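This report describes the fold of a single chain and then turns to selected residues and their surroundings. Please read it alongside the sequence and the model shown below.

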Amino acid sequence: MMTHEAILYYADHPVEFVEDLLHVTPDPKQAAILRSVSENQMTSVRSGHGIGKSAVEAWAVIWFMATRPFPKIPCTAPTQHQLFDILWAEVSKWLRNNKALEREIVWTKEKVYMKQYPEEWFAVARTASKPDALQGFHADDILYIIDEASGVDDRVFEPVLGALSTPGARLLMCGNPTQLSGFFYDSHHKNRSSYATFHVDGRDSSRVSEDFIRTIITMYGEDSDVFRVRVAGDFPKQENDVYIPLPLVEKSIMTDWKEPEHPALIHIGCDVARFGDDKTVIGYKVNEKV
């Protein structure tokens, strides 16, 4: 592994750690976010879709694990898909870029730990479906990573605020800005002075394809909330002419749903089009899932 001097250097230089040990060059926005996690206690990032935030979060996990003694890194997201299929898989992917790190750091489907200290030196994945998801973590060095933070219930954040009273604690929140209230929204508004905040517009990111941006504009329009949230990385407007506002739709999508053993009720509905460019829409609902 690294020498003591190298660890001390990389502890304050996460970008150089990622470049030298994970063999990848962060883009300028990713580098700025990594430096912020090193220099600031609380970092909040709102962005459009596909700007590489999951990679930044994974790099932060590995960097913090490799440069702190006995750290704890609780990670959460609103859904199992976002947490395990995206963020957790990203951690595994980048660990493979360094054989020495891969030998020392063990990746399992819910926990990543230092081989010699599995109970004391680890990152853990917990979905934010329960209010106590981030409770019970105590360490001199602790890094909370909250992915798609706009969709995480405020109660999940409460134990984080208590832990952040210690000097070695850090918080990194990232997400599309889908909700017009809550902890993440406040970090970019009334509580902004407490955070290092970042806004990443997909149009400014080399990682976001022109095809994706054109598709969103064609389907929804450049003045739509979908464009604001998914491309521009801005919070939605509170529109008066919308029947179901986007934040409510996003909250519904961010709900983990379990298939019932015995499907009980099936509803089928039809909205018949009559004029102009309207389309007839047929939908169905099995129990609570549309």
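The chain has 11 helices and 10 strands; helices (H or I, at least four residues) and strands (E, at least two) are DSSP runs, numbered from the N terminus. With a radius of gyration of 21 Å, close to the 19 Å that the globule rule gives for 290 residues, the chain is as compact as a globular protein of that length. That radius is taken over C-alpha atoms, and the globule rule is 2.2 Å times the number of residues to the power 0.38.

This is a predicted model, in which local features need pLDDT of at least 70 and side-chain atom pairs count only at pLDDT 80 or more, while totals for chains, interfaces and linings use all residues. Residues are numbered from 1 along each chain as its sequence is written, and side-chain values use heavy atoms, with hydrogens and water left out.

**Overall properties**

Along the principal axes, the C-alpha atoms fill a box of roughly 75 × 45 × 35 Å. Buried residues account for 48% of the 290 residues; buried means under 20% relative accessible area, exposed over 50%, and partly exposed in between (1.4 Å probe, protein chains only). Contact means heavy atoms within 4.5 Å, and of the contacts between residues at least 6 apart in sequence, 66% join residues at least 24 apart. The chain exposes about 15,700 Å², of which carbon and sulfur atoms supply 51%; accessible areas come from the Shrake-Rupley method with a 1.4 Å probe, and for residues only the protein chains shown count as cover.

There are 31 positive and 42 negative side chains, and the centres of the two sets lie 2 Å apart. Lys and Arg count as positive and Asp and Glu as negative, whereas His and the chain ends are not counted. Each charge is placed at NZ of Lys, CZ of Arg, CG of Asp or CD of Glu.

**Aromatic pairs**

Rings of Phe, Tyr and Trp (its six-membered ring) pair if their centres lie within 6.5 Å; planes under 30 degrees apart count as stacked, over 60 as edge-to-face and the rest as tilted. By this rule the chain has 10 aromatic pairs. Two of them are listed here.

| Pair | Centre to centre | Angle between planes | Geometry |
|---|---|---|---|
| Tyr10 and Phe17 | 5.8 Å | 80° | edge-to-face |
| Tyr185 and Phe235 | 4.9 Å | 80° | edge-to-face |

Tyr185 is partly exposed, at 21% relative accessible area, whereas Phe235 is buried at 8%. In the other listed pair, Tyr10 is buried at 10% and Phe17 is buried at 0%. Tyr9, Tyr10 and Phe17 form one aromatic cluster.

**Helix H10 and strand S8**

H10 is mostly covered, with six of its eight residues buried: Asp225, Val226, Phe227, Val229, Val231 and Ala232. The cover over these buried residues includes strand S1 (42–47), S8, helix H9 (210–220) and H11. Gly233, which follows H10, has a positive phi near 70°.

His199 belongs to strand S8 (residues 196–200) and is partly exposed, at 29% relative accessibility. Leaving aside neighbours within four places in sequence, His199 is in contact with Lys29, Arg46, Ala232, Gly233 and Asp234.

Tyr195 lies in the loop between H8 and S8 and is buried, at 11% relative accessibility. Although Tyr195 and Ser44 are 151 residues apart in sequence, their C-alpha atoms are 6.6 Å apart. Beyond four places in sequence, Tyr195 touches residues including Met42, Thr43, Ser44 and Leu171.

**Other local features**

Ser54, in helix H4 (residues 53–67), is buried at 12% relative accessibility. Not counting residues up to four places away in sequence, Ser54 touches Gln82, Ile86, Leu87, Glu90 and Asp147.

Most residues other than glycine have a negative phi. His23, however, has a positive phi near 60°; His23 is found in the loop between helix H2 (14–21) and helix H3 (28–39) and is exposed, at 51%. Glu148 has a positive phi near 45°. This residue lies in the loop between strand S6 (142–146) and helix H7 (154–163), where Glu148 is buried at 7% relative accessibility.
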